[in-house]
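Here is my notebook page for today. I wanted to look up a few local features and write them down plainly.

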Amino acid sequence: MPLTSTGILTDAARADGVGVAAFNVITLEHAEAVLIAAEAAGLPVVVAISENAVKFRRGRLGPLAAACRVLAEEAAVPVALHLDHVESVDLLQAAEGTGISSVMFDASRLSYADNVAATSDAVAWAHERGITLEAELGEVGGKPGHPALDAHAPGARTDPDEAAAYVRATGVDALAVAVGSSHAMLDRTATLDHDLIARLRAAVDVPLVLHGSSGVPDDELRSAVAAGMTKINVGTALNIAYTGTLRSRLVAEPGKADPRLALVASRGAMADAVGALLRVITGVS
């Protein structure tokens, strides 16, 4: 099936009051697992590649993006490709021509004025090329390379009035907001501010994005979508399934050298995790 765009999926979902799942991938097995689960569920999905994943792949976006594009074009469900948490302008511009239809440009560490200026430039560049741009206001905690920001710290949450002004000033197509989640959580104990989500939904006219969703329990995710969250980003949950299964298989079978035996099991574990989260996020049983 031809690639679809993230904007088409998120705009439709926002209008219908449902969620769209975006899964961050690092390896080919990650991407295959996402599409195995999406096809089994008959649901559209966003496949996301983060700046950190590109760094892991020795700074080269092209090979992983090309593999994801081929998998997406061969999938039986609509698939969009997304570039996530980009701070480098060079990487933003590397998305052109790869099949990536959306980029999350992350200037949230900058002052508000500098965030607006940098994001506005990114939006202008992206829109000239038919790419939609997501940005972040407030700061979702747990990002690599910096001290973790407490999701409940003063100033961490996104202010609805500031969000409305930010969207008007930058022209972004989607907005990642800080409402209580945190990146890289290994347990699912995050509590979200659903009243804040509803106020943000009313304040801005673009889809809201929840980052750090792996640490959010199922009922909290359902309530977040009901309150107005549209795009739900998941990454760590796949890595937990991947590494946990890989570790147990390698320990259980020390005499085997063929990595495919453990990788097949790990891919299956990720597909199971993706399938369960897809049903929660989209509301499909």
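This is a predicted model: local features need pLDDT of at least 70, side-chain atom pairs count only at pLDDT 80 or more; totals for chains, interfaces and linings use all residues.

I started with Y166, which is buried at a relative accessible area of 0%. Residues are numbered from 1 along each chain as its sequence is written, and side-chain values use heavy atoms, with hydrogens and water left out.

Next I looked for aromatic pairs, and a search of the whole structure gave 1. (Rings of Phe, Tyr and Trp, the last by its six-membered ring, pair if their centres lie within 6.5 Å; planes under 30 degrees apart are stacked, over 60 edge-to-face, and the rest tilted.) The ring centres of Y112 and Y166 are 6.2 Å apart and the planes meet at 55°, so I noted the pair as tilted. Y112 belongs to helix α6 (residues 112–128) and Y166 to helix α7 (residues 160–170), so the pair ties together parts 54 residues apart in sequence. (Helices are DSSP runs of H or I with at least four residues, strands are runs of E with at least two, and both are numbered from the N terminus.) I found Y112 partly exposed, at 32%.

Then I checked backbone angles. R58 is not a glycine, yet its phi is positive, near 60°. I located R58 in the loop between α3 (51–56) and α4 (62–73), and it counts as exposed at 69% relative accessibility. H85, also not a glycine, has a positive phi of about 50°. H85 sits in strand β3 (residues 79–86) and counts as buried at 15%.

Technical notes
Buried means under 20% relative accessible area, exposed over 50%, partly exposed in between (1.4 Å probe, protein chains only).
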